[in-house]
Amino acid sequence: MDNSLDQATDIVVEAFANTPNLRLRETLISLTRHLHDWVREIDPTMDEWKVAIDYLTRTGHMCDDKRQEFMLLSDVFGVTNLVDQLESRKANDGATETTVLGPFHMVQSPRRDLGAAIMSPKVGDPCWVAGRVLNIDGTPIPGATIDVWQADDQGFYDVQILDEVDVGVGRGLFTADEQGSFYFRTVVPAPYPIPTDGPVGELLMATNRHPNRPAHVHFIAEAQGYHSLTTHMFVEGSDWIEADAVFATKRSLVVPFSWVDDRTSAAEKGLPNPHREARFDIHLARMS
């Protein structure tokens with residue numbers, strides 16, 4: 001068999017030619033051609049290639065049920081954002097803009113009643129978050145589920161500080177009422193750096209990139225007959241709003257967290273006065 005440099009790619013492509021799953025065959029053949037072209041372009045030494053293999057191996061070793069280093073790697077390369085934009089363009093025309101899942105959706109959110117606190121409002125700026133789940137025409141979607149998770153006022157998720165808090169703090173799974181409404185108590189999250197103690201941190205340091213994300217709250221909204229939607233609500237005025245380390249900020253998702261000085265309203269919501277409030281409606285697209 002001719003295994004010359006000129007034939008190396010074609011030989012591997014031929015090896016995948018009988019893959020029964022057509023989508024898998026297309027993916028593997030395309031990956032092979034692009035990967036081989038990239039290797040030819042950079043012309044690595046074997047020692048350099050071993051460094052690359054070691055990097056990927058160490059990335060895998062950093063993954064567990066509370067951290068996904070490969071997702072983080074995808075995030076900082078902007079690939080997660082690109083895949084998200086391509087998918088949402090095809091499936092969610094007219095819906096709320098989507099954005100990346102992030103590496104911290106690793107724990108099932110506890111079910112909570114509407115108006116419950118996902119995080120104690122006694123620490124940080126107390127906040128009331130409310131919104132509605134609607135279709136793209138503005139009709140409410142009763143019974144939609146809204147999965148919420150966020151960092152605290154210091155920029156930490158529960159899974160990062162389990163010596164201080166229980167799993168589930170800063171998380172909640174809510175069911176929208178008959179008007180499609182959801183609402184809960186929390187604190188305003190802080191901006192934070194993505195984890196830098198692993199291979200992704202090494203990459204950021206080597207390339208002189210910062211690791212910071214602007215303050216945000218995560219949402220996954222789902223309803224029968226509609227496309228699931230993963231998005232963020234970004235805190236207007238947050239640091240890093242124009243320079244998100246994972247390229248996920250979108251202007252339509254930036255929301256004011258305004259101060260409200262109203263003792264009656266605060267008492268009704270079970271919050272101190274004054275407190276902050278944010279509104280975030282989520283529009284879902286019907287499945288075809």
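A helix is a DSSP run of H or I with at least four residues, a strand is a DSSP run of E with at least two, and both are numbered from the N terminus. This is a predicted model, in which local features need pLDDT of at least 70, side-chain atom pairs count only at pLDDT 80 or more, and totals for chains, interfaces and linings use all residues.

View 1. Let's start with H4, which spans residues 69-76. Past the helix comes Gly 78, which has a positive phi near 75°. A residue is called buried under 20% relative accessible area, exposed over 50% and partly exposed in between, using a 1.4 Å probe and protein chains only. By that rule, the buried residues of H4 are Glu 69, Leu 72, Leu 73, Asp 75 and Val 76. These residues cover an arc of only 160° around the axis, so they sit on the same side of H4; the arc is taken from the directions between the helix axis and the C-beta atoms.

View 2. Strands count as paired if DSSP finds at least two bridges between them. The order across this open sheet is S3-S2-S7-S8-S9, with mixed pairing. S3 (171-175) and S9 stand at the edges with a single partner strand each, so one side of each has no neighbour in the sheet.

**View 3. Strand S2 between its partners.** Here 5 of the 6 residues of S2 are buried, so the strand is largely enclosed by the rest of the structure. S2 runs antiparallel to S3, and 5 bridges join the two. To find your way along this pair, look for Thr 145, which stands opposite Thr 175 in S3. S2 is also antiparallel to S7, this time over 6 bridges. There, Ile 146 has Ala 221 of S7 as its bridge partner.

View 4. S8 covers residues 229-235 and is mostly covered, with 6 of its 7 residues buried. S7 (residues 216-222) runs antiparallel to S8, and 6 bridges join them. A handy landmark is Ile 220, opposite Thr 230 in S8. The hairpin of S7 and S8 has 6 residues between the strands, and in it Gly 225 takes a positive phi near 90°. S8 pairs with S9 (residues 254-255) in the parallel sense, over 2 bridges. In that pair, look for Val 235 opposite Val 255 in S9.

**View 5. Stacked aromatic rings.** Rings of Phe, Tyr and Trp (its six-membered ring) pair if their centres lie within 6.5 Å; planes under 30 degrees apart count as stacked, over 60 as edge-to-face and the rest as tilted. The structure holds 7 such aromatic pairs. Phe 104 and Tyr 157 are stacked, because their ring centres are 4.5 Å apart and their planes meet at 20°. Phe 104 lies in the loop between helix H5 (79-91) and strand S1 (126-135), and Tyr 157 in the loop between strand S2 (145-150) and S3, so the pair ties together parts 53 residues apart in sequence. Phe 104 counts as buried at 5% relative accessibility, and Tyr 157 does at 1%. Another pair, Phe 174 and Phe 184, has ring centres 5.3 Å apart and planes at 15°, so it is stacked as well. Phe 174 belongs to S3 and Phe 184 to strand S4 (residues 181-187), so this pair ties together parts 10 residues apart in sequence. Phe 174 is buried at 0% relative accessibility, and Phe 184 is buried with a relative accessible area of 0%. Ring pairs also link Phe 104, Tyr 157 and Tyr 192 into a cluster.

**View 6. Two lysines.** A charge sits over a ring if NZ of Lys or CZ of Arg is within 6 Å of the ring centre and within 35 degrees of the ring normal. Lys 269 lies over the face of Trp 128, at 5.4 Å from the ring centre. Lys 250, in the loop between S8 and S9, is buried with a relative accessible area of 12%.

Definitions and conventions
Residues are numbered from 1 along each chain as its sequence is written. Side-chain values use heavy atoms; hydrogens and water are left out.
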